[in-house]
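Trainee: I am new to this structure. Can we walk through it piece by piece?

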Amino acid sequence: MRVLLLVSAFNGLSQRAWCALREAGHDVGVLLATGDQEVIDAVAAAEPELILCPYLRDRVPAQVWRRHRTVIIHPGPVGDRGPSSLDWAITEGTPTWGVTALQAVEEMDAGPVWATRTFPMPAAAPRKSSLYNGPVADATMECLFEVLAKAADPAFRPVAAAEMTIEVQGARPRPAMRQADRAFDWSQPGEQILRRIRAADGAPGVRTTVAGLEVFAYDAHTGPGRGARPGMVLSRRQGAVLVATGDSSLWLGNLRDAAHPDRVKLPATTLLGKRLRGVPDSPLPPGTEPEVPSYRQVRYRRAGPVGWLAFDFYNGAMSTGHCRRLLAALRYATLQDTRVLVLRSGTDAFSNGIHLAAVDAAADPAAAAWANIKAINAVCREIISCTRQVVVAAYAGSAGAGGVMLGLGADIVAARRGTVLNPYYDIGLYGSELHTFTLPRRVGPEAAQRLIDAKLPVSVEQAASLGLIDEVGPRHPEAYAEWLTALAARLADARDARRRQSAKAQRLAAERVPLDVYEARELAEMSSDMFGDRSGFAAARRAFVSKTRPAATPARLLPAPRAEQAAARPRRLNVSRATGDSAADTQVRVRSAVPLSA
């Protein structure tokens, strides 16, 4: 079927839908909603049989939905309407929520229903982005494929919402949630404040005061229970600050200056700066576990012959400090008496590469970007060169740009089904992370170059068929964790682990070109991009962190004219892994490969 994805942005959910529909055999194009006339003209040229809108904040022009079947995904159950569905559901602690596929009509969220799904909400308050990228995204994919099946049935007619049973208690039309609806006082219980901040996570945040500064708060985590004046900043750790509440405390990882709406969210300690003078730091050694809840972006634990190094950076963005903390923990983990080391991310994101917001906010962005890329390269090098353990890079969440490359030097790359790998964007950077060493060895030089040139996302299933990853685990996070534990146990077999370690040591020793050379080549290119701005990195970075809406849809995403689509069906690439000196000496020539992050 000729399908057009009409979206406000090609976000993670849109990328997942694009990958899945193409792999199911459909001809799929993407159109960004940049303006009514642009949408009308592009749809007329594409002549789609079906328009799907997995992420759309804009109205569909009447000239489009009156002529083409257009189905919009609404992140709420039947009966729910409004632009703040998830915000209300999290804030009010709704036990069940859902997703509905609605046909576009004049009134927003009022069209007849094509498909719907419900799911239980997590007992603990979820971050809005976690809810969206997890249960909401999974339900959306089920709805999309049901819509496709029904669209192929000439007899199908969608059902008016008023004729359907409202299964979810509290589902009703709601207005946009305002800051007044989100407001809290630090004297309230920590759980209530946590729920309000997490309901606004990603955007717009909740306005409050921290250390005397008016800010929007994000990235909240439960802290220890302790007696202190509500609102007082108690300590700081790894970029976060601990603030006292009425009955406990909360860690705030990221803040945005409320007095400057054009500025982006930053690590809390970076934004507050000198206001934290006298606030104590609360360090914890890499191998210890706290007795009370603590803000920890990197954690290590040992379970018999398996070491588990977990990391979880907000939105997958890795600043210079993040990289150095991960590197220190990684070096600690490799010195332990284990046979397997699992490097596991959080479920929101594995990594999205360097921290573009922190870079852009620095006094010298070029120097900050340079320090950041060298720091993330050091992590990549440690993974590649580890021969004391079998290293497993476990992608529990999606990855972008340099974050895709981060784990490719591991012995085993294991990803969770439903995640997406999006290696490159047009951001004006050549890219590093030693990808010119790791990528051709995994997929071969030709497939590596195609991935680099295409700048398009791939599903984990497609990545496995290419050799980019080795193992694909279950979609649900709990099942993935159990599967990953079983995988690590199998790899920890003493004889098999020794064999893998010995083979890797021999391969590295046989390399004719040292890792230093690969890194030097990449950094030479990156220096021209970062300091010389030869490819527009400064402007592209600023547009990205400020979420500037693109003026047009990138040509690589646009649907082909109808006559060309039949000949342009996607084909799986069957590329065997490269071996031998020819692959080892191949340097992938990358233009605009980006270690990109939110």
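Mentor: One term comes before the rest: two strands pair if DSSP finds at least two bridges between them. Keep in mind that this is a predicted model.

Trainee: How many bridges join β10 to strand β11?
Mentor: β11 covers residues 249-257 and runs antiparallel to β10. The number of bridges joining β10 to β11 is 4.

Trainee: Which residue in β10 is the bridge partner of Arg-236?
Mentor: β9 and β10 pair in the antiparallel sense over 4 bridges. For Arg-236, the bridge partner in β10 is Val-241.

Trainee: Which residue in the turn between β9 and β10 has a positive phi?
Mentor: β9 and β10 form a hairpin with 2 residues between them. The phi in question is about 50°. The residue in the turn is Gln-238.

Trainee: Are the residues of β10 buried or exposed?
Mentor: Buried here means under 20% relative accessible area. Ala-240, Leu-242 and Ala-244 point one way from β10, while Val-241 and Val-243 point the other way. The count for β10, residues 240-244, is 5 of 5. Both sets are buried.

Trainee: Why is β9 largely enclosed by the rest of the structure?
Mentor: Look at the cover on its residues. β9 is largely enclosed because, of its 5 residues, the number buried is 4.

Trainee: Where is Gly-231, and which residues is Gly-231 in contact with, leaving aside its neighbours within four places in sequence?
Mentor: Gly-231 sits in the loop between β8 (213-222) and β9 (233-237). Gly-212 lies 19 residues away in sequence and 9.6 Å away in space, C-alpha to C-alpha. Leaving aside neighbours within four places in sequence, the contacts of Gly-231 are Trp-186, Val-243 and Ala-244.

Trainee: What do the buried residues of α7 pack against?
Mentor: Helix α7 spans residues 190-199 and is mostly covered, with 7 of its 10 residues buried. Among them are Ile-193, Leu-194 and Ile-197. They pack against α4 (85-91), α5 (128-151), α6 (179-182), β7 (206-210), β8 and β11.

Trainee: At what angle do α1 and α5 pack?
Mentor: α1 passes α5 in a right-handed crossing. The contact involves residues including Leu-13, Ala-17 and Leu-21 of α1, and Tyr-132, Met-141 and Leu-148 of α5. The axes are 10 Å apart, and the angle is about 40°.

Trainee: Which residue in β20 stands opposite Val-420?
Mentor: Strand β19, residues 420-422, runs antiparallel to β20. The two are joined by 2 bridges. Opposite Val-420 stands Ser-459.

Trainee: Within what arc do the buried residues of α17 fall?
Mentor: Helix α17 (residues 494-510) reaches 24 Å from its first C-alpha to its last. Its buried residues are Asp-496, Ala-497, Gln-501 and Lys-504. Seen down the axis of α17, they line one face of the helix, because they fall within an arc of 130°.

Trainee: Which exposed residues are on the face of α17 turned away from its buried side?
Mentor: Take the buried side as the reference. Its residues pack against α11 (365-385), β16 (390-395) and α16 (477-491). The face turned away carries Arg-495, Arg-498, Gln-506, Ala-509 and Ala-510.

Trainee: What do the buried residues of α9 pack against?
Mentor: Helix α9 has 15 residues, 320-334, and reaches 21 Å from its first C-alpha to its last. Its buried residues include His-322, Cys-323 and Leu-326. They pack against β13 (298-303), β14 (306-311), β15 (340-345) and α11.

Conventions:
Residues are numbered from 1 along each chain as its sequence is written. This is a predicted model: local features need pLDDT of at least 70, side-chain atom pairs count only at pLDDT 80 or more; totals for chains, interfaces and linings use all residues. Side-chain values use heavy atoms; hydrogens and water are left out. The expected span of a helix is 1.5 Å times one less than its number of residues. Buried means under 20% relative accessible area, exposed over 50%, partly exposed in between (1.4 Å probe, protein chains only). The arc is that of the directions from the helix axis to the C-beta atoms. Contact means heavy atoms within 4.5 Å. Axes are lines fitted to C-alpha atoms, for helices over the stretch in contact, and angles run from 0 to 180 degrees between N-to-C directions. A crossing is left-handed if the near helix is turned anticlockwise from the far one by less than a right angle, and right-handed if clockwise.
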